[in-house]
Amino acid sequence: MSYSETWDLESIFPGGIDSPALQTKITTIKKQLKETQATLTNWRADADTPAFDWFVQIVNDLQRLQAGLAQCQVFVVAIQSADARNTKANTVLNQLYQLDNQIEQLMTQFKKHLVALPTDTFTAIIAQPDLQAVAFNLTEMRKQGLALLDDQTEALINNLAVDGFQGWSDHYDTLVNELTVTYIDADGTSHQLSAGQAQNMLAADMPNEQRANLMANWEQTWADHAAPFADTLNHLAGFRLQDYQAHGTTDFLRKPLDLNRMSRATLDTMYQVVADHQEMLLKYLQRKVALMGKTQLDWQDVEAPLTLGAATNTQTYDEAAEFVISNFQKFSPKMAALARYAFEHRWIEAENRPNKRPGGYMDNLPETQESRIFMTFTGSPNDTATLAHELGHAFHADVIKDLPFWRQDYAMNVAETASTFAELIVADANVKAAKSTPAKLNLLDAKMQNPLAMFLDIRARYLFETSFYRERQQHPVTPDELSALMLTAQKNAYGNALTTYHPMFWASKLHFYISDVPFYNFPYTFGYLFSLGIYAQAKKSDHFEDQYIALLRDTANMSTEALAKKHLGVDLTKPDFWLAGVSLIRRDIDEFMALSAPLL
């Protein structure tokens with residue numbers, strides 16, 4: 001079957017960014033917002049007993065508002081992602097940010113109502129049958145409400161955040177969209193690539209010297225524009241830290257941990273295990289560059305594909321789609337069915353063309369109970385893995401679509417579990433399908449991109465952000481200082497094993513500039529190692545699909561530690577669970593080293 005490589009947005013709101021249906025929806029949300037505001041302002045607990053019907057309606061109305069806004073935001077961001085030149089999208093997004101701000105203010109008022117309730121009244125409310133599904137979320141909101149300031153101050157902070165916080169995040173996108181990177185092809189012809197195209201090219205198959213030249217141009221391009229990127233990062237972090245300080249928080253990791261519903265003990269244990277086992281990955285990288293015909297390990301070699309033998313290991317989009325579906329089927333027929341439905345109903349934007357933003361993501365449309373996936377497919381094994389990764393996110397969204405909106409608000413760390421699990425399925429299948437030793441080595445290398453990223457690259461990001469925020473608490477950090485912090489973090493994470501590094505990574509990585517999720521990076525490492533544990537269980541269990549779905553349905557219903565204890569029977573604050581994941585990575589490395597030894 002032939003699948004379209006462009007997605008369907010018309011079924012969401014017909015007419016593109018000028019869609020009358022979109023504007024009608026925005027008008028409806030504004031009206032609902034005023035109505036819910038009035039209802040919440042007039043609500044009195046003592047007049048709402050014993051069934052608290054009034055309160056239940058408020059809870060439902062708040063979730064309806066948030067779901068409606070999310071539907072609009074996903075649509076507009078999709079248009080902006082697929083065509084960075086669409087300037088109207090920014091205007092509509094700003095309109096939605098204003099609405100988001102007003103809904104946040106309403107949620108602040110709601111949380112304060114929860115805090116003001118006597119404990120016995122609150123207990124009676126969350127015991128109501130119609131609120132059982134969101135009892136955990138309401139309890140969480142009540143706790144959050146304890147740190148809130150007076151209404152006027154909270155409203156002021158939210159209003160300032162539109163331009164002082166979200167505005168700087170948007171500014172980063174504007175800066176990136178204007179960048180071009182010079183690429184010299186094998187014939188000596190010069191090409192000007194967008195940031196997204198250059199990023200994809202660095203991970204493509206090309207001669208070592210050509211890749212090194214592109215990497216040098218990539219680094220220099222960001223360095224040439226370091227000042228505005230440094231301003232953007234400093235202002236984003238500065239606003240965030242001022243917000244923390246106003247709410248009595250001096251620990252800049254407190255909010256990221258709360259957002260991920262995990263403890264500092266879990267984070268520290270995980271990263272200690274990662275640090276203790278970086279050496280096995282460094283030995284792997286040294287073997288890889290030797291197979292590439294190099295004597296030194298450079299930054300661009302880490303993600304460079306290994307291309308031994310005549311096999312190119314490329315797939316067409318249709319071949320990749322069928323490969324993903326067929327291998328999902330072996331673990332979960334429901335995963336396979338969802339993936340096929342996504343391909344057939346054009347949920348995926350994968351076409352390789354200019355003017356798309358870099359990277360990939362999945363966004364959920366809560367009202368139509370669908371997803372949309374954004375990526376750029378070039379035919380590499382990594383692209384097939386990315387396809388599986390984003391479809392894993394979509395499966396997670398699909399199995400919880402019948403739950404209340406707040407029960408769909410799972411934390412990022414467990415969000416990465418479903419996606420990484422799906423990616424593991426395809427990566428393993430790729431390796432097993434190899435018909436020769438060179439092909440198997442190439443595919444093992446593609447599979448190793450995940451542990452390399454999670455253990456080395458993402459740890460470097462975590463170390464950088466930690467040192468950056470520590471410095472930013474004292475003063476704005478200059479471009480040179482940012483590069484020095486990044487270089488130190490990368491050398492630490494990579495055990496000083498590289499000859500060249502990427503000091504401008506602080507500018508080139510979008511994740512540092514996302515406004516709504518601080519410390520966006522460490523949840524990926526958590527999700528990867530957590531998924532390894534689930535994957536190991538999946539291969540041994542006869543009832544895996546039901547167990548897996550049960551875990552996913554609980555991801556917004558308890559802490560991360562409680563989730564692991566309930567569904568996996570493990571303690572995340574102890575190293576044993578994390579070490580089990582390390583052993584699976586080591587097995588792949590051992591196989592790679594054994595197969596490659598005769599080739600040197």
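L160 touches F165 and F239, where touching means heavy atoms within 4.5 Å and residues up to four places away in sequence are not counted. The structure is a predicted model, in which local features need pLDDT of at least 70 and side-chain atom pairs count only at pLDDT 80 or more, whereas totals for chains, interfaces and linings use all residues. Residues are numbered from 1 along each chain as its sequence is written, and side-chain values use heavy atoms, with hydrogens and water left out. L160 lies in helix α6 (residues 151-177); helices (H or I, at least four residues) and strands (E, at least two) are DSSP runs, numbered from the N terminus. Because its relative accessibility is 46%, L160 counts as partly exposed, a class that lies between buried (under 20% relative accessible area) and exposed (over 50%), as computed with a 1.4 Å probe on protein chains only. From L160 to N557 the separation is 397 residues in sequence and 32 Å in space, C-alpha to C-alpha.

Helix α8 has 17 residues and reaches 24 Å from its first C-alpha to its last, close to the 24 Å expected at 1.5 Å a residue, the expected span being 1.5 Å times one less than the number of residues. The buried residues of α8 are Q210, R211, L214, M215, W218, E219, T221 and W222, and what covers them includes α6, β1 (181-184), α7 and α9 (226-246).

Helix α7 (residues 195-202) packs against helix α8 (residues 208-224) at an angle of about 145 degrees, with the axes 10 Å apart; axes are lines fitted to C-alpha atoms, for helices over the stretch in contact, and angles run from 0 to 180 degrees between N-to-C directions. In this contact, A195, A198, Q199, M201 and L202 of α7 meet R211, L214, M215, W218 and W222 of α8.

The largest nonpolar core holds 156 residues, of which F328 and W506 touch the most other members. Such a core is a set of buried Ala, Val, Leu, Ile, Met, Phe, Trp, Tyr and Cys residues joined through side-chain atoms within 4.5 Å. Helix α18 gives the largest share of this core, 15 residues. A second, separate core of 52 residues includes L65, I79, L93 and F110.

In helix α11 (residues 264-276), the 13 residues should span 18 Å at 1.5 Å a residue, which agrees with the 18 Å between its end C-alpha atoms. The buried residues of α11 are T266, L267, T269, M270, Y271, V273 and V274.
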